[in-house]
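Have the sequence and the 3D view open while you read.

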Amino acid sequence: MDLLYNIFIDPFAQMAATPDFLLQVLWEGFVTGTLYALIALGYVLIFKASGVFNFAQGIMVVFAALSLVGFYEAGVPAYLALIMALGVMGVMAIGVERLVLRHMVNQPEIILFMATIGLSYFLIGAGELIFGGETKSMITQELGLPTGSTVVDVAGGIVILQHIDVAAAVIAAILVAALAFFFSKTRIGRALRAVADDHQAALSVGISLNQIWAVVWFAAGIVALATGIMWGARSDVSFALQIVALKALPVLILGGFTSIPGAIIGGLIIGVGEKIFEVYWGGLLGGGVEGWFAYVIALIFLLFRPQGLFGEKIIERI
Amino acid sequence: MNDKSASRAIESIPALLARNAVKFGDRPAYREKEFGIWQSWTWSEAADEIRALALGYLQLGVAEGDFIAIIGRNRPALYWAMVAAQSVGAVPVPLYQDAVAEEMAYVLDHCGARFVIAEDQEQVDKVLEVHDRAPAIEHIIYLEPRGLRKYDHTHLHPLKDLQEQGRAASQQFAPELERRTGKITFDDTCVMLYTSGTTGRPKGVVLSNRNIIESSKSSVEFDNLTEKEDVLAYLPMAWVGDFIFSIGQAYWAGFCVNCPESNDTMMNDLREIGPTYYFAPPRVFETQLTDVTIRMEDASPLKKRLFNYYMDHARKVGPAILDGKPVGAWDRLKYWLGNIVVYGPLKNVLGFSRVRVGYTAGEAIGPEIFEFYRSLGINLKQLYGQTEATVFITIQPDGEVRADTVGVPAPGVELRIDESGEIYYRSPGVFVEYFKNPESTASTKDAEGWVATGDAGFIEEGTGHLRIIDRAKDVGKMADGRLFAPKYIENKLKFYPNILEAVVFGDGRDMCTAFINIDLAAVGNWAERNNIAYASYQELAGHPQVYSMIQEHVEEVNRSVAQDDMLSGCQVHRFLILHKELDADDGEMTRTRKVRRKVVAEKFADLIAALYDGSTEIYTETEVTYEDGRKGQISATLEIRDAKVVETGPTKEVAAQ
Amino acid sequence: MIYREAGQFKTSYRQDAAIFPILQDRIAIWFYLFVAFIVIPTFGSDFFINSMMIPFLIFAMASIGLNVLTGYTGQISLGTGAFMGVGAYACYKLTTYFPETNIIILVLLSGFFAAGIGMIFGLPSLRIKGFYLVVTTLAAQFFLEWCFIRVPWLYNYNASGAIEVPQREAFGLIVTGPSASPSVRYLVVLSIVVFLTWIVSNLIHGRIGRTWMMIRDMDIAAELIGVRPLYAKLSAFAVSSYVAGVAGAMLVFFWLGAAEVESFDVNHSFLILFMVIIGGLGSLVGSFLGAAFIWMLPIIIRAVPKMTGLDINASTVEQLNFMIIGALIIVFLIIEPHGLARLWAIAKQKLRIWPFPH
Amino acid sequence: MNAAAPQPYTTEDGREIGGVLMEMKNITLKFGGVTAIKGISFDIQEGEIRAIIGPNGAGKTSMLNVINGFYHPQEGEIVFRGETRSRMRPYEAAKQGISRTFQNVALFQGMTTLDNIMAGRTLKMHRNFLWQLLRYGPALDEEIEHRRKVEEVIDFLEIEHIRRTPVGQLPYGLQKRVELGRALAAEPSLLLLDEPMAGMNVEEKEDMSRFILDVNEQMGTTIALIEHDMGVVMDLADRVVVLDYGKKIADGPPGEVQSNQDVIDAYLGVPH
């Protein structure tokens, strides 16, 4: 009976008892979710345009952040370092297209997927070799991002809002809006969508597949850099982030592999869900459940709706 | 010599079978690749199958002296059908399976076969088609039931059922079978084989048990063949060679006959079995060598160098080592190395690893081709023979193997050359008669048993080896009286892989000219490597670069022919490349792929005229027969080229005369 | 070149269905076994046996496990490390409760626990494919990792949180623990690996292996022919996890001697996956080649600069190793998606038709 | 047009066509809002070659997919061997002896011809896991026994020379033949062929026609086939059902169907 009580009654009693704490937890979850959403966004971009499930997105985040910090530490002014880090992502996008994707046209998806695992290993090695393996802190202030926090009185208690978190949410919103604009209003954006729908059609209207890939990887690189900065500002910049980035996978399962809104909503669900579960139920299991909660949610979800929240039901033909 | 006294009693193939069933009871007698594996029958199992079939024949009413035609590719059951026929005192008549209906009708009618064993639906259809022209046929027995279910089965029987019935009626017919088998003697007919003569209708060569058994016995002893040999039966069953190798020698020595799965898998099956005793006409060796050359063209430069290096060495010392002649230790070591990296693997992929004795015959083999195989350490030899001689006339003993002779007289064979140069022989293998054709019999075989071969040749001084020049009737005189030996020139031309077939003209004329057939495999490969596009055989054959290449070959032959005083008049002055391949279906060749000179000369008279009237090209139309029997017309404008000849003074010819 | 197939013909399906139908291949296998069982223990140094051969064999075993699932059945998995962990922890618990039982038997038994867990996490594969399945195997990976930390019962409540291998004997020899000699441990590992490879090879060459490959190549057609995806996929998960579990148990008991969760983390899952990719999907030989390659590579990277007199520190070697492996994965996928095994097969084919090029 | 009542009949070449093997009653199949098949009924009789024809998008392949349980119809009944059900399941269909080939060859590309055809016998193999582990005794005996059957199929289809070739390397025509082999290996009582001659040259078509007729005649297998080539259908089929836009527009012997005005209109593309 104790167990049932601990599972079904006690957590809700706690929530009701300290609503301000609940709000704090929700906020924390929301911010984490935003970051998951951003990583997932990177995956979606590349998957939509090239059908590649880019396993290396996580390490791209780390790599982008490390370049930024690395340039700054080498004496480059912060904003210039930001631009240079963008340049690094651009070079990487072109490099990936030239050296990898171009040679793997028409390969099965699963082979491309494995190639990106190889790519992420390569980037881990290269990143550590260039920037060293030790943890670095993000140059938050130097970039002009807000620090400090605001205490808000709410529901008979307080909620602490870190300014950087607010900034993260705002930046994420801006990025999403920018991408939406890019996809619907610009020529290259529309081309990207055409490619996603039908490679042949895209080619027939004179769009070079190679260019598209480079552009889309670059876009994913920008998202990665933004994610890296936000994440770095909240914790530190380290390769451990690569494992955290894998959480984007369950996010994608929920949101679907090709849906930008799906990625965002999925990210938020996972972020908020795992935080709440950790705080209110994690203790029962000895804590640390954040590590797997997202995956198990995704697993359960898969069993009932394999095509994701926003995906269409697939009719199998033969 | 217990064997000898025992063998004296053995006067027929069924008697040999009975002996083998006891003596080699558990050794393999037949294998056939079917359903993916080599189905095997031991001698005692084979004896049982044959007996069942013989009983089945009896039940079907086969009488002594009946002819039983057998049509199909090499399969154990068809061999059994022949031996079973012999067991009941009937005469097996194997036919060429690719014969068109007309040929088949003639043969079936000529021998008056009452029974036909057909392999499958295709052959059954052919027999049914000609039934009205061969009315003696009463029953058709087939091997493969596929597609035949709907056929009227009153005169049609599956071989399996016949055997079943035979087994069931064993009690009833066994005594009759014993009686018939028991009374077969040396002088009874063993088999009748139709020769695909180069001219006229096929003739039925009647061979007695004496012919077959004596020939098999002496040839088995000649090469020390034992029951451990494996042969691959893939040559037409209607050909005397296959009968001797797959029945005569196999039964005498007790070795195993292996039948391939299908034509498509022949080479693979050859490789799997790895025969120890192997026969192939020169054409097969030639194709194979061409194939080796082509495949090696694509090899990496290093491998090519290695291959060429060791093949050069093999040509130098290989034959000598094979003949057991003294060879230096260093050369031996190098040959040993070569054997590891080149010869051994090559023999392996060709399926010749285990070949102990190999023969080629039927036509002259190119010296390069012959040497190639011998230098690899394959004991390839030549023999000279005929259906009428039950194969063996001359044969090359181990250690005396040369490309330019056909060996010494086989055991028991006497040779004679008459004043015109034609070769005559007399032996225990000399045939009984041509069936229902006493005139031909008389004109071929004289009262003392000497048989004219129709070939011209001479016995080499010192060695006693026979050398063949040409068909006796084809050896002619040119207008100025010089010797004209077309076959000799044609063979020289054909030794080039690019040339598949050549026909040389010049009898009674003042110069020699030639038709050339290119080898599509070799020339096609060459064209591919040189980026020469072509859509058809005809287009490739007419290509100027191909012409130039062939011209070089012709001129080279001319240079070599000029060396020989007697034949220097046979240099080819002008030639053309034919727009179609000479084909047995069009009657231009025999089924054994010998050129029918007369037919070709008549059919392409316009082309010959052009060769001699100095024109540089000629338009022609030709009738062709397609694989399915339909006929069509093809037309082409052919280029005629002059080839350089080496001038030789006329004095020598005068002297020679 | 060394093949002499002429005259090697099959007169029965039994011969034709042999796993090594060619005589020379059979000779080669006996030769490899001779080298592995006699030559290496006799002449190999302790370093060679302990640092190269034992881990190579264990990783090869794990690769075979993953290959069954990914290479033969087409179900990609990133949870191999965790399934190895299940085997290791299961074996640890088993030997705690049954200290007298032959440890080799316990190692083999522990695989069944991994198989059970593997089947549970394999269940979603019935409904989902491809990347989706990657996520469920990651779920297994992280959930199990968490278990290895948070369930102290699993490591007998050790303060260190690690499992430490006690000394155990089998057939009168000390086979585990610090005083077990490398040669003995090597021979035990080798025997298990050879035995299980034989078993897996049997499965692959029979009906079950065929149903796996049918699912891999075209699952819909397989289903319409009458393969039940449930059985096919779950049996693949079970066999795969069993083999991985045994490999995990061996990893701890015959090599590391002690282990924490880090030995079974997601990076090990990747490592095994790389071995399978580079070795060759759907090839047992490939699993050995891939394991040898990935395991030997860092050793070579370490050794080469030393020989040339360059001094490169350990972390640089590690990083170079990552880069090289990552790049190689890509290169292999571009040039030869079937990995070393295909190169091996091509080489073999070349030897069979030598001197012809094709 | 009324369907001919399922009466036993004798074909021109004298085969006895028996009772009804399978009957489709009023089948309707929808995908979302699209109706692929609208209330179609027809039957397949024991021993006959039944053709399903129609223009592109007429619902032919969907019909086959319903027959072997890959698609589940929203309405209607399927009677197979006297058993009525509202839907088939693929496994059940296979178990009941329905096997098929596919419009775009659906072979197991990574496996050899031999293994592909062996795969067709999966349902007939029963030796348990433990024997399979050892690949010895009963498991090996079973494997060999089925190998023998498979070799008969290989022999029947004359594909000995590609026995050990991975099917991915085979030309299209041969792949189709291997696929037929895989279906035959299951010794089906009803064989469904989805455009067995698509993409073949004349010679390959002739071969395939011969094989189909031989299968029907020698093994007595009932065959339902979809085919585009009208000539082929007229030669092969005993009875033809014609679909257009998911509806049945004709059903009967080839000659009769060929002269049917609706069929002519459908093929010429006359608007409805």
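**Chain C and its neighbours**

Helix α11 (residues 248-255) of chain A and helix α6 (residues 130-150) of chain C have axes that come within 10 Å and cross at roughly 130 degrees. This is a predicted model, where local features need pLDDT of at least 70, side-chain atom pairs count only at pLDDT 80 or more, and totals for chains, interfaces and linings use all residues. Residues are numbered from 1 along each chain as its sequence is written, chains are lettered from A in the order in which they are written, and side-chain values use heavy atoms, leaving out hydrogens and water.

**The helix pair**
- Helices here are DSSP runs (H or I, at least four residues), numbered from the N terminus.
- Axes are lines fitted to C-alpha atoms over the stretch in contact, with angles from 0 to 180 degrees between N-to-C directions.
- A:Leu249, A:Pro250 and A:Ile253 in α11(A) meet C:Tyr132, C:Val135 and C:Leu138 in α6(C); contact means heavy atoms within 4.5 Å.

**Chain C with chain A**
- This contact takes in 42 residues of chain C and 48 residues of chain A.

**Chain C with chain D**
- Here 30 residues of chain C touch 37 residues of chain D.
- Four salt bridges turn up across the interface of chain C and chain D.
- D:Asp141 forms a salt bridge with C:Arg14, with the closest N and O atoms 2.6 Å apart.

Terms used: Helix = DSSP H or I, 4+ residues; strand = E, 2+ residues; numbered from the N terminus. Salt bridge = Lys/Arg side-chain N within 4 Å of Asp/Glu carboxyl O.
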